[in-house]
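Visitor: I am new to this structure and would be grateful for a close look at one part of it. Please begin with a single residue and lead from there to its wider setting.

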Amino acid sequence: DGGLRAAAGIDGRRASGERFGTGRVRQRTRIRQEGRTVWWEQGDMTPAAIASPLGLGGRAVCATLLAVGAAVPATLQAAMRAADPLLALSQVKTVFVARHLGDDSEAARAAMLRVWQALRPLLLGRPACAPRIWTT
């Protein structure tokens, strides 16, 4: 029953019984600032990597938010961690990384939205007004 699955935190394709059983997802992310590469990351996700404790540990949802700019204060990072035990945060020079690993895509989206709302005023000096397109 879809309602029971949704209540259990299972949503989207998993709620429909779909699984990523074969294939591969390759992802590359590069951020350049003033002509220099400040972040380079690549991943190769297979069903085995998703199941592995060295990969996603069987989790179905992985969300990443990258932000480049000023250092994020430790107090703000601690507040973000306290709000979400599934959130991992790190700062490498000017690149701030937030990752959420779980099984609920709505929880991951909410976690990334909270991080974005905390970072936008700090990094851009602008209020965190979510773009209208995010609600469609």
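Predicted model: local features only at pLDDT ≥ 70, side-chain atom pairs only at ≥ 80, totals over all residues.

**From one buried threonine to the sheet and its core**

Guide: Setting aside neighbours within four places in sequence, T46 makes contact with F20, G23 and R24. T46 belongs to the loop that joins β2 (36-45) to α3 (47-51). Its relative accessible area is 18%, and T46 therefore counts as buried, the limit being under 20%.

E34 is located in the loop between β1 (25-33) and β2, and its relative accessibility is 80%, so E34 is classed as exposed, which requires over 50%. The phi angle of E34 is near 55°, a positive value in a residue other than glycine. K93 occupies the loop between β4 and β5. K93 too is exposed, with a relative accessible area of 76%, and has a positive phi of about 55° although it is not a glycine.

In general, the strands of a sheet pair through backbone hydrogen bonds, either parallel or antiparallel. Here, three strands form an open sheet in the order β3-β5-β4, with antiparallel pairing. β3 and β4 are the edge strands, each of which pairs on one side only. On average, neighbouring strands of this sheet are turned by 15° against each other, direction ignored. The antiparallel pairing of β3 and β5 extends over eight bridges; A63, for instance, has H100 in β5 as its bridge partner.

Two helices pack on this sheet. Helix α4 (residues 74-83) touches β4 and β5, and its direction makes about 160° with that of β4. Helix α5 touches β3, β4 and β5, and its direction makes about 5° with that of β3.

The largest nonpolar core has 16 residues, of which L65, M80, F96, A98, V115 and L119 touch the most other members. Two or more residues of this core come from each of β3 (61-68), β4 (87-92), β5 (95-102) and α5 (105-124). The greatest contribution is that of α5, with six residues. For L119, the contacts beyond four places in sequence are L65, A67, V72, M80, F96 and L124. Apart from this core lies another, of five residues, including I31, V38, W39 and V95.

Conventions. Residues numbered from 1 in each chain as written. Heavy atoms only, no water. Core = buried A, V, L, I, M, F, W, Y, C linked by side-chain atoms within 4.5 Å. Buried < 20%, exposed > 50% of the residue type's maximum accessible area, 1.4 Å probe, protein only. Helix = DSSP H or I, 4+ residues; strand = E, 2+ residues; numbered from the N terminus. Contact = heavy atoms within 4.5 Å. Pairing = 2+ DSSP bridges. Axes fitted to C-alpha atoms, helices over the stretch in contact; angles between N-to-C directions.
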